[in-house]
Amino acid sequence: MNVLKRCCYRSMRENRKRTSVTIIGIVLATALITGVACMAVSFRASLILYEKLENGDYHYGFMGVAPENLKYFENNEQIERFGVVEELGYAVLEGSHNPDKPYVFVCGIDEMSQETLSLQLVQGRMPENDRELVIGRHIRSNGLVDLKVGDELTLSMGNRISEGHRLTQESPYLYEEETLETDFERTFTVVGIIERPIRDVEPFTAPGYSVFTRMGDPAEAGILNVYATYTDSGLKQREQVTAGILGVSEELYRRYYGFHGGLGTYTEQEEEQIRHIAWKVTENYWVLKWELMIFSSGAMNMLYGMSVIAVSIIIVTSVFCIHNSFVISLTEKMKLYGRLASVGTTAGQQRRIVYYEAAFLGGIGIPLGILSGIGATAVLVRAVGGLVEDALGFSLVFAMSFPAIALSVVLSSITVFFSSFQSARKAARISPISAIRANDTVRIRRRELRCPKAIGRVFGIGGRIAYKNLRRARVKYRTTVVSIVVSVAVFIGMSTFVELIFDINGVYNNDSMPYQMQVYLYDYESAVRIASLDGVQEAEIVRPGILMVDGGETPFTKEYEEKHKPEATETIQIRALGEEAYARFCKKVGVTVEEARDKAIVIADYVVQYKIDGVTYVDECKIAEFHKGDVIIGAGADEGLEVEVLTQTSEKPMYLSNGRYNKIVLVVSNEWYDSQNISKFDNVEIYIKCEDSDALETAIRNDIQLGDCTVTNYDAVYRANRSMYLVVAIFLYGFITVVALIGITNIFNTITTNMELRAPEFAMLRSVGMTGKEFRRMIWLEGMFYGGKALIIAIPLGVVISYCFHMAMSKGVVLDFCFPFEAILTALAAVSALLFSIMHYSMGKVNRKNIIETIQNENI
Amino acid sequence: MKNYYGQTEILRTEHLLKRYGKEANEIIAVNDVSFSVSKGEFVAVVGSSGSGKSTLMHMLGGVDRPTFGKVLIEGNDIYGMSDDKLAIFRRRQVGLVYQFYNLIPVLTVEENLTLPCELDGRTPKKEVVRELAEMLGLEKRLGALPNELSGGQQQRVAIGRALITRPAILLADEPTGNLDTRSGNEIMELMKESNRRYKQTVIMITHNLELAKQADRVLTIEDGRVFDGQTGEGRA
């Protein structure tokens with residue numbers, strides 16, 4: 001180590017505190033960059049995993065391959081592995097309740113196929129011979145056929161034929177237009193139940209439930225489907241490899257399958273040629289997309305775009321903060337550099353010392369940062385994995401990649417380099433004379449030292465010195481001020497952002513939501529059955545209908561007429577609520593079921609919210625005023641339908657209590673609804689209040705007696721949204737925390753170093769008789785001056801950022817701008833506490849020093 | 001290069017001028033100074049506080065650019081050089097000793113001594129360092145850090161550092177100014193010794209007339225102008 005490096009190394013060791021704070025800054029910045037990179041890599045890995053589970057773990061599927069052509073796969077270096085599936089044929093599924101799926105589709109699979117097709121065993125085991133079968137779970141849930149492990153099943157298998165053509169799983173069931181021509185019969189034992197197979201094997205519209213048996217010798221099989229996973233090098237030239245297997249040119253392959261703007265035009269001869277080995281090739285689009293990252297995709301662009309933005313913010317913040325450390329280091333070493341210069345160091349040598357320091361600090365900080373970044377990401381992935389699964393439907397797995405780590409190292413090194421760059425240039429310019437006189441650090445202009453008289457009057461000499469010092473060392477304090485501004489403004493903005501997403505979530509779903517589940521179905525009996533399931537606390541079976549009445553006869557309120565100018569014909573909504581709910585509603589309104597039986601309870605409220613230029617308006621009025629005994633006459637399916645009004649209420653049934661309404665509603669009994677010929681709709685909606693909506697959802701979905709229904713589990717939706725926002729919030733807060741930490745290291749560095757550099761000045765002040773109290777006041781004032789200055793800038797800036805978030809996010813949702821008081825107060829308290837503790841710390845250090853020693857030390 | 005008296009001239013200044021500030025605030029610290037120093041000469045520059053001694057010294061040492069005029073060391077116009085060349089020239093040809101020592105606090109005595117050589121990429125021979133340390137009386141303190149030394153010892157390290165490269169010229173700015181009488185006398189002896197032993201040219205700035213009397217020649221500086229002798233009886 002040469003003398004300059006030694007010099008630099010020792011001075012870093014001397015100033016352990018500043019050196020470690022700088023290293024902490026570098027560690028934080030590197031950890032953040034690594035964290036973002038690891039997070040992006042983990043997301044990608046998780047998505048690949050998810051897509052493989054959803055779509056199969058293969059790259060290309062070759063349909064209709066003859067057994068003798070398997071050799072093209074077996075001896076192919078570019079293929080890592082492949083699974084073979086034999087289509088044995090269709091057989092009628094006895095008892096299938098799904099009219100679009102009357103068959104099972106029997107496939108023979110080889111050993112590899114469980115993996116390539118991502119068959120997920122739920123119960124039992126995979127088949128080991130051609131007499132054993134695994135069946136999809138949806139045979140029970142969707143086809144309502146009660147098949148269990150151990151059941152025997154005799155299937156007559158064959159092909160679906162329509163107009164002389166063999167139909168595949170891709171052709172939906174053709175009612176009365178297709179026939180099943182069976183060739184052979186085999187008895188199977190069900191040995192396992194699997195999740196519904198991937199879409200490529202069983203599309204949603206497929207007419208047969210896929211079941212799998214073990215394939216015999218492929219050589220003796222009929223037509224095969226091959227699912228191949230390529231090697232890395234194979235993937236790079238995947239089109240060439242695929243074309244090679246098909247025995248055609250890459251150009252024809254692209255043209256035939258219409259890739260890369262290929263026109264998809266070809267001659268019959270070419271078609272025959274390309275369909276010789278496999279009549280169709282499918283690519284596992286999403287797996288390829290995530291593995292190769294080649295396709296343009298909104299989601300991926302967003303993911304990488306966000307990473308780029310995050311990394312840019314980190315780099316800018318870090319460069320700013322770490323740069324500050326180097327500036328401080330330089331200020332501190334001005335004398336050292338000057339002395340070295342007086343002995344004859346060249347500019348290059350001085351510059352190299354700074355770079356050496358940067359390399360040394362980076363050499364420690366970057367590896368530590370990489371490790372902590374990886375560690376933190378691993379912990380974070382574990383912590384939020386469950387939330388992500390709730391929110392996005394796939395579990396988050398931790399992954400890291402060498403290129404991502406290498407990129408982090410490069411980016412961190414660039415950060416450190418840029419941080420030291422300016423200091424290095426400055427160091428090179430230090431002349432011996434300026435350093436010896438130390439007149440470069442403090443360049444004072446007369447006008448800067450004018451102090452408002454008020455400060456002197458209020459705060460005394462200490463206040464004046466504090467103020468002048470602030471003016472004098474503006475550049476140094478600018479770093480502190482900017483650090484505080486950045487941290488505080490970003491914090492205020494971010495907290496509004498998080499609050500907003502929770503608010504939006506709350507608008508759609510909140511804890512006071514009157515029902516947790518909504519089910520749409522088409523028959524009243526099923527609805528009653530659902531309402532009687534275990535776990536249902538309250539259910540409202542809403543059957544809708546309408547009645548057209550003469551607008552002129554309707555007793556509209558004046559306000560409504562003026563505002564909304566009703567049309568000549570008014571549509572009145574009629575709702576039957578089911579017996580129990582109707583009884584509950586009657587009780588709520590204060591009438592008995594008996595007296596209400598043939599009459600209608602009227603709800604005629606108008607509540608609509610809308611928003612113009614960020615301001616929410618609520619339009620609220622009564623639509624009409626009905627009285628007991630009024631008779632409403634209107635037309636449904638029949639003309640001249642009459643209903644007597646029992647009462648008008650502002651109470652709402654469960655289904656209305658969460659919504660907005662702008663029509664007259666007549667709540668009627670089941671008997672009236674059933675007996676009258678109003679215009680009725682087919683659908684029935686059930687609104688359910690329950691404790692455990694997940695259990696209820698499972699119960700509904702597994703109830704094979706129920707017909708087709710659509711279940712909306714608001715609890716789950718709410719949970720998913722909340723998890724999503726929680727994940728976003730955790731990331732954002734994590735991000736802002738680390739950015740703030742970098743800021744804090746920065747502020748700590750600036751203030752403590754400045755205090756130490758000014759130690760002789762303080763010693764001098766005390767030597768001429770400044771009391772401890774005055775001294776403390778002076779230091780606090782300094783803290784207040786720049787803390788105050790920073791907050792004066794940061795708070796409005798934060799509010800502006802908040803408002804921008806508000807404008808961007810509240811589109812389509814009615815939300816009022818909420819002034820971020822809490823965040824401001826938090827920031828205020830945090831900044832005060834921070835400044836207090838740092839000032840306290842450095843003041844303690846200065847106070848401990850002996851006055852004369854401090855002054856004399858200057859001369860060493 | 002020989003001067004008028006046939007002696008080898010080592011340093012010459014021509015119309016050296018240093019001006020600080022502008023207009024009303026203008027201060028001329030060194031005003032049209034021309035003199036010459038011969039090889040092996042021990043010259044003392046005396047003057048009161050604020051007379052321009054240190055400014056002159058800094059300009060002679062190549063650390064402060066004159067507003068006007070030239071400084072020639074061994075015939076080289078040092079301010080005609082680039083900054084880097086000047087830095088290298090300074091570490092090889094000029095030894096600087098300051099009132100406040102200016103040692104590198106994180107380097108040991110030995111490292112401070114050998115610093116100029118190491119900056120040049122050379123490692124001085126052990127004997128040279130030992131001989132120098134003996135002359136300085138620091139042979140037992142080579143591993144110490146500057147703040148573990150007394151003021152006199154620190155100044156001796158500074159002188160040793162200035163002498164290690166055997167510079168053409170040793171410039172000392174109030175080398176005893178911060179020391180007690182005994183230490184001051186020791187430093188003076190040391191400089192005389194190096195002047196004798198190595199034929200070292202020494203220019204020492206001091207306001208101590210007693211010390212100045214021990215020099216071969218005394219220059220007086222007053223209001224930025226230099227005169228030969230102690231009382232200013234003629235231009236140098």
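Me: Is D223(B) buried, exposed or partly exposed, and why?

Reply: In this predicted model, D223(B) counts as partly exposed because 13 other C-beta atoms lie within 10 Å, and 20 or more would be needed for buried, 12 or fewer for exposed.

Me: Where does D223(B) sit?

Reply: D223(B) is in a loop of chain B, between β9 (217-222) and β10 (225-228). Its phi is positive, near 50°, in a residue other than glycine.

Me: What about K199(B), what is its phi?

Reply: K199(B) is not a glycine either, and its phi is positive at about 50°. You'll find K199(B) in the loop between α6 (181-197) and β8 (201-206) of chain B.

Me: And is K199(B) buried or exposed?

Reply: Exposed: K199(B) has 11 other C-beta atoms within 10 Å.

Me: Give me the overall picture of chain B. How many helices and strands?

Reply: Chain B has seven helices and 10 strands. Of its 236 residues, 46% are buried.

Me: Switching to packing. Which residues touch the most other members of the largest nonpolar core?

Reply: V488(A) and L171(B), in a core of 162 residues. Helix α2 (residues 16-55) of chain A provides the largest share, with 19 residues. Domain 1 (1-56 + 284-441) and domain 3 (444-511 + 720-860) of chain A both contribute, so the core lies between them.

Me: Which residues is V488(A) in contact with, beyond its sequence neighbours?

Reply: Leaving out neighbours within four places in sequence, V488(A) contacts L791(A), A794(A), G798(A), A827(A) and V831(A). There is also another core apart from this one, of 55 residues, with I79(A), V190(A), V201(A) and Y253(A) among them.

Me: Nice. Which residues are buried in α19 of chain A?

Reply: In α19 (residues 579-589) of chain A, the buried ones are A581(A), Y582(A), F585(A) and C586(A). Viewed down the axis of α19(A), they fall within an arc of 140°, so they line one face of the helix. An α-helix has 3.6 residues a turn, so residues three or four places apart point the same way.

Me: What covers that face?

Reply: The cover over the buried residues of α19(A) includes β13 (536-550), α20 (593-596), β20 (665-668) and α21 (670-675) of chain A. Helix α21 of chain A holds E671(A), which is partly exposed, with 13 other C-beta atoms within 10 Å.

Me: Last one: where is the pLDDT below 50 in chain A?

Reply: Chain A averages a pLDDT of 80, with 87% of the residues at 70 or above, but residues 438-442 of chain A are below 50. Where pLDDT is low, the predicted coordinates should not be read in detail.

Definitions and conventions. Residues numbered from 1 in each chain as written. Chains lettered and ligands numbered in written order. Predicted model: local features only at pLDDT ≥ 70, side-chain atom pairs only at ≥ 80, totals over all residues. Helix = DSSP H or I, 4+ residues; strand = E, 2+ residues; numbered from the N terminus. Arc of directions from axis to C-beta. Contact = placed C-beta atoms within 7 Å. Core = buried A, V, L, I, M, F, W, Y, C linked by C-beta atoms within 7 Å. Domains from an automatic or database assignment. pLDDT = per-residue confidence, 0-100.
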